[in-house]
Amino acid sequence: MLLGEDQITEDGEFVINIGPQHPSTHGVLHLKVWLDGETIKKVQPHLGYIHRSIEKMCESLSYRQFIFATSRMDYLSAHMNNTACALTVEKGLGIEATPRAKAIRILLSELTRLSSHQLWWGSIGLDLGAVTPFFHAFREREMINDILEETCGARLTQNFMVPGGVMTDLHPNFQKRTHEMLKNLKAKLHEYDDLLTGNVIFENRTKGVGVLSKEDAVSYGCTGPVARGSGVSCDVRKWFPYDGYEQLQFEEVLEEDGDCYARYMVRMREMKQSIHLIEQLIDNIPEGDFQTKTKNVLKLPKGEFYQRVETARGELGVYLVSDGASTPYRIHFRSPNFCNLSALNHMAKGGKIGDLVAIMATLDLVIPDVDR
Amino acid sequence: MSQEELKTKITELLPSAIFEESSEFLQLILDAPDLLPLMTELRSDTQTDFDYLFNLTCVDWKDHMMMVYHLFSKTLKHTLVVKAKISDREQPEIESLSEIWKTAELQEREVFDLFGVNFLHHPDLRRLFMEEDWKGFPLRKDYTDENMIQL
């Protein structure tokens with residue numbers, strides 16, 4: 001349907017288009033909203049503005065190359081996307097990363113999770129009318145991005161994981177700068193709570209808004225903080241541990257209310273868990289090689305492989321079908337944002353149009369991951 | 001339930017089921033018309049209780065289409081992969097599962113858009129990523145258009 005067509009339906013409902021270029025949709029997402037006064041009757045997402053068909057591209061890339069395409073899906077969880085692909089190939093080859101590589105993977109993944117949640121915290125403030133959080137969040141996020149840049153050479157699309165380990169060893173400054181960052185962040189984290197968490201305006205706009213029940217969260221396939229905000233235990237790091245998460249101590253953050261405030265609290269508490277995880281590992285990185293020796297041309301045996309990891313937004317699944325050649329026969333990415341988005345209509349229905357912005361902010365969508 | 005118990009249970013429900021254990025999960029292969037009754041049973045039966053459909057996709061095997069459903073039970077913690085074979089590759093058709101798992105609705109639209117599988121009784125089957133007048137289905141193995149570069 002073209003924009004502007006059928007603006008008023010027969011029932012007197014008013015149809016408006018939000019996006020694709022709208023700040024609250026966090027990317028090129030187009031929402032078509034049916035309104036009765038200010039009340040939302042229906043929300044329909046229109047996708048495809050950034051569809052690159054990564055799955056088709058991967059079919060002609062080798063098992064080393066296709067990992068790089070996945071940094072461009074959820075660009076705020078690039079390390080976790082790469083890890084998922086590397087683990088799938090390792091599963092197919094029957095090899096394992098070295099202990100040092102595993103520790104590096106966890107460290108970088110948790111740093112990425114921190115930086116992703118900080119960006120989200122800044123933007124939720126911006127969406128709900130507070131500008132200050134954005135500057136506070138980016139102040140700390142810069143430090144993490146600098147650490148990642150020093151080791152990986154890039155700030156967003158790092159492409160650091162390879163089958164069998166990681167691309168290079170950590171930068172000599174990594175430990176020192178991570179310690180500095182953690183010290184700084186722990187001293188500043190209470191400011192986050194002071195600014196938003198207890199704020200009356202913020203609480204009024206998020207509490208009881210966009211409620212998602214436990215049963216619906218499972219049925220819609222929601223994962224990550226969205227599902228955990230509804231009390232669904234779904235942390236892949238606990239359920240199906242990979243890379244040695246089972247040896248580390250951390251708790252799965254759960255909130256029971258299922259509203260925007262619960263999803264907000266899950267991410268706030270998850271940041272503390274990520275700090276805890278990094279602290280356990282940063283001084284105990286095993287010595288040794290950062291990569292297992294692999295052949296130049298990787299060929300996976302005939303069969304199917306499935307690997308999931310916990311990205312900052314939920315469960316990313318990589319489904320790989322191999323026919324024995326040096327490129328995948330078929331690859332499918334079960335992306336967390338895609339499934340979380342499917343619950344949007346259910347959550348927004350019956351609410352006010354202003355609530356839609358709050359719901360979108362706590363869904364924390366990254367549109368390139370939805371469209372792939 | 002263990003894999004063996006699942007096997008016996010499913011064989012009771014569908015005697016023609018074929019099992020495969022080549023991957024890490026138990027795989028069940030069936031024909032497209034058997035899908036909906038079996039899935040309804042797997043969801044509602046308290047012994048199987050597959051409440052979470054965590055992946056839905058399709059594979060084009062050049063002579064047939066294979067729908068792949070990854071199922072998990074949050075309460076009983078067992079996994080099952082159901083594969084439904086669609087023999088008619090030119091006009092593939094299968095029942096929609098959006099009544100059973102709500103997540104299927106959007107994921108089936110994706111498969112319809114990229115593979116051209118027609119889901120019967122789907123509430124809103126339209127193109128998802130591609131434009132509405134797009135010709136062909138990009139993830140099919142024989143798909144070509146004038147903009148594609150052959151390496």
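The views below come from a predicted model, in which local features need pLDDT of at least 70 and side-chain atom pairs count only at pLDDT 80 or more, while totals for chains, interfaces and linings use all residues. Residues are numbered from 1 along each chain as its sequence is written, and chains are lettered from A and ligands numbered from 1 in the order in which they are written.

**View 1. Helices H11 and H14 of chain A pack against each other.** The axes of H11(A) (residues 260-282) and H14(A) (residues 353-363) come within 9 Å and cross at roughly 25°; the two helices are therefore roughly parallel to each other. Axes are lines fitted to C-alpha atoms, for helices over the stretch in contact, and angles run from 0 to 180 degrees between N-to-C directions. Helices (H or I, at least four residues) and strands (E, at least two) are DSSP runs, numbered from the N terminus. Cys260(A), Arg263(A) and Tyr264(A) of H11(A) meet Ala358(A), Ile359(A) and Thr362(A) of H14(A), where contact requires C-beta atoms, placed from the backbone, within 7 Å.

**View 2. Asp364(A) has a positive phi.** This residue, which is not glycine, has a phi near 55°. Asp364(A) is located in the loop between H14 and helix H15 (367-371) of chain A. Because 27 C-beta neighbours lie inside 10 Å, Asp364(A) counts as buried (20 or more other C-beta atoms within 10 Å; exposed means 12 or fewer, and partly exposed in between).

**View 3. Lys62(B) also has a positive phi.** The phi of Lys62(B) is near 70°, and the residue belongs to the loop between E3 and strand E4 (65-72) of chain B. Lys62(B) is exposed, because 9 other C-beta atoms lie within 10 Å.

**View 4. Lys32(A) lies in strand E2 (residues 30-36) of chain A.** With 16 other C-beta atoms within 10 Å, Lys32(A) is partly exposed. Leaving aside residues up to four places away in sequence, Lys32(A) touches Val15(A), Asn17(A), Gln44(A) and His46(A). The C-alpha atoms of Lys32(A) and His46(A) are separated by 7.3 Å, although the two residues are 14 residues apart along the chain.

**View 5. Chain B touches chain A.** In this interface, 22 residues of chain B are in contact with 25 residues of chain A. Strand E3 (52-60) and helix H3 (103-115) of chain B each give two or more residues to the side of chain B that touches chain A; E3(B) gives the most, with 6 residues.

Methods
Contact = placed C-beta atoms within 7 Å. Parallel < 35°, antiparallel > 145°, perpendicular 65-115°, else oblique.
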